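The tour moves from the whole chain to selected elements.

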Amino acid sequence: MSAKIISGTEIAKQIREELKQEVQEMKEKHGVTPGLVTILVGENPASVSYVTAKQKTAHDLGFYSVQDNQPEDISEEELLNLIDKYNKDPKIHGILVQLPLPKHIDETKVINAIDPDKDVDGFHPVNVGRMVIGERCFLPCTPHGILEMLIRTGVETSGAEVVVVGRSNIVGKPIANLMLQKREGGNATVTVCHTRTKDMAFHTRRADILIVAAGRPKVITADMVKEGVVVIDVGVNRIGKTPEGKAILCGDVDFDGIKEKAAAITPVPGGVGPMTITMLMKNTVQAAKQFAGLA
Ligand SMILES: NC(=O)c1ccc[n+]([C@@H]2O[C@H](COP(=O)([O-])OP(=O)(O)OC[C@H]3O[C@@H](n4cnc5c(N)ncnc54)[C@H](OP(=O)(O)O)[C@@H]3O)[C@@H](O)[C@H]2O)c1
């Protein structure tokens, strides 16, 4: 068997088209333009490239978008004041602070300072709490993107054995939680593995859907999965550079080996990555609608 490739690039394109239409309608019918600010502290090259991609997408969709670059040595207090300014700005509906932040700044304090109604990254404890109990909230972008990919690809999640590798707050824990919610894209039986899991292969071999977010290249090999599994590879590992200086990326699973056994698999790049940015845009549109009383 050679797996169907789940193209995040294609699904993201489709969702962006839908969002573009929605934004145009919001502007024409209600005079509302979704506003997104991305705050970048310092010049970490990966962060610069993520923020640039987010701004470009926001611009392409017709958002009011602001790129706010701050120096590496900005104090925690100054950053908190900046967030407060955007919390109060009626043109801004979504605030994204690019992580990681320099060591002298407490990330938790920064996340908690964002108005939960503008927390389009879905990291504020209010949104996390709402997600866990199944209330309307801003879902964190990467898990939201995974959910949307599974739904749009027609993968049956109800009753499925889902195994998640990784338990971070931004991917592992929220996707595990979303997969067990009693609603579309959920209703799965979920197992979460991490570095203290005994015999990880025992769990991964049972998976109908395997979601891997370990941040370790090829941590999952073909002998660790069963025939017909659906694999979502969240990992982005920089394993070298091309002669032109471009980063060479690979995921967390052995793509070439596993694609011969799997029913479907996401590639890296072109899988979860484009979905993450798209869900940030979807959340910002939702925030603008809520702000304007349209949702
Ligand atoms: N494409 C996207 O949009 C996107 C978005 C976010 C993240 N990512 C990528 O996804 C990966 C994970 O990100 P993250 O932020 O969740 O990483 P993280 O915070 O480093 O968490 C990694 C998790 O994987 C577990 N883990 C690591 N090695 C393992 C192993 N050998 N066996 C079992 N579990 C293992 C860790 O377990 P412990 O808790 O026991 O340490 C931890 O829970 C990274 O490559 C990141 O770049 C991609």
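How far apart are the mean positions of the positive and negative charges of the chain? To see this, select the charged residues: the mean positions of the 35 positive and 37 negative charges are 2 Å apart. Please bear in mind throughout that this is a predicted model.

**The whole chain**

Display the chain as a cartoon. The secondary structure comprises 10 helices and 11 strands. The radius of gyration is 19 Å, close to the 19 Å that the globule rule gives for 295 residues, so the chain is as compact as a globular protein of that length. Along the principal axes, the C-alpha atoms fill a box of roughly 55 × 40 × 35 Å.

Of the 295 residues, 48% are buried. Among contacts between residues at least 6 apart in sequence, 70% join residues at least 24 apart.

Strands of a sheet pair through backbone hydrogen bonds, either parallel or antiparallel.

Now zoom in on residues 264-265, which form strand 11. Strand 11 and strand 1 pair in the parallel sense over 2 bridges. Here Ile5 stands opposite Ile265.

**Ala12 in helix 1**

Move to helix 1 (residues 8-30), and select Ala12 within it. Is Ala12 buried or exposed? Ala12 is buried, with a relative accessible area of 1%. Beyond its neighbours within four places in sequence, Ala12 is in contact with Pro274, Met275 and Thr278. For a distance reading, select Ala288 as well: Ala12 and Ala288 lie 276 residues apart along the chain, and their C-alpha atoms are separated by 20 Å.

**Helix 7 and its cover**

Finally, select residues 172-180, which form helix 7. Why is helix 7 described as largely enclosed by the rest of the structure? The reason is that 7 of its 9 residues are buried. Show the side chains of the buried residues of helix 7: Gly172, Pro174, Ile175, Ala176, Asn177, Leu178 and Met179. Then colour the elements that cover these residues, including helix 5 (125-133), helix 6 (141-153) and strand 5 (161-165). Strand 6 and strand 7 (209-212) also belong to this cover.

Conventions: Residues numbered from 1 in each chain as written. Predicted model: local features only at pLDDT ≥ 70, side-chain atom pairs only at ≥ 80, totals over all residues. Heavy atoms only, no water. Helix = DSSP H or I, 4+ residues; strand = E, 2+ residues; numbered from the N terminus. Rg over C-alpha atoms; globule rule 2.2 N^0.38 Å. Buried < 20%, exposed > 50% of the residue type's maximum accessible area, 1.4 Å probe, protein only. Contact = heavy atoms within 4.5 Å. Lys, Arg positive; Asp, Glu negative; His and termini not counted. Charge placed at Lys NZ, Arg CZ, Asp CG, Glu CD. Pairing = 2+ DSSP bridges.
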